[in-house]
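Please read this report alongside the sequence and the 3D view. It goes from the whole chain down to single residues.

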Amino acid sequence: MEHTDAERIVVGVDGSPSSIEALLYAARMAEALRQPLEVVTAWSSPPLDPYLVFEWSPEKEAREILDSSVDEAFGDRVPHGLSRTVLPGSPARSLIELSAHRSMLVLGSRGRGGFLGLLLGSVSAACAAHSHCPVLIVHTGSPAAAEAGTRDDDA
């Protein structure tokens with residue numbers, strides 16, 4: 001069955017434990033709703049002196065983060081039809097723009113940045129406030145997130 005972009009569930013990952021839990025939860029939702037799953041990582045270039053950084057590529061690093069997140073979540077049992085997208089730009093802005101053409105956005109409650117003790121990361125808060133589609137924020141350590149992380153081969 002052919003799906004449109006508007007039927008896709010998109011999940012933002014940054015390699016953090018919270019984003020891995022969100023990815024596992026989004027995969028269960030996509031399977032239950034019979035919708036394709038799109039895993040997204042966004043990147044932006046920090047203002048650096050080009051003479052100081054010779055071979056570092058933020059886009060390549062973002063691709064590596066996305067791939068390692070999928071590997072950590074699923075190992076060799078990647079869900080059928082999963083797509084991977086690396087976008088230039090700030091994570092919040094990129095995900096909000098993408099949300100205009102997706103059925104749901106799934107995010108972890110805490111990413112790699114920010115201060116310890118904050119309950120909701122800045123990207124998930126911005127997306128919850130400005131997204132064009134429903135947003136599901138998965139809290140690390142919640143019973144539903146833990147259940148989503150249970151793989152068949154863990155038994």
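## Burial and surface

The protein chain has 155 residues, and 39% of them count as buried, where buried means under 20% relative accessible area, exposed means over 50%, and partly exposed lies in between (1.4 Å probe, protein chains only). This is a predicted model: local features need pLDDT of at least 70, side-chain atom pairs count only at pLDDT 80 or more, and totals for chains, interfaces and linings use all residues. Residues are numbered from 1 along each chain as its sequence is written, and side-chain values use heavy atoms, with hydrogens and water left out.

About 9,200 Å² of the protein chain is accessible surface, and carbon and sulfur atoms account for 56% of this area. Accessible areas come from the Shrake-Rupley method with a 1.4 Å probe; for residues, only the protein chains shown count as cover.

## Helices, strands and contacts

The protein chain contains 5 helices and 5 strands. Both are DSSP runs, numbered from the N terminus: helices are H or I with at least four residues, strands are E with at least two. Their order along the sequence is β-α-β-α-β-α-β-α-β-α.

A contact means heavy atoms within 4.5 Å. Of the contacts between residues at least 6 apart in sequence, 74% join residues at least 24 apart.

## Cysteines

How many disulfides are found in the whole structure? The search finds 0, a disulfide being a pair of cysteine sulfur atoms within 2.5 Å. Cys-127 is in no disulfide, and the nearest cysteine sulfur, that of Cys-133, is 9.0 Å away. That distance is too far for a bond.

Are Cys-127 and Cys-133 buried or exposed? Cys-127 is buried, at 0% relative accessibility, and Cys-133 is buried too, at 11%.
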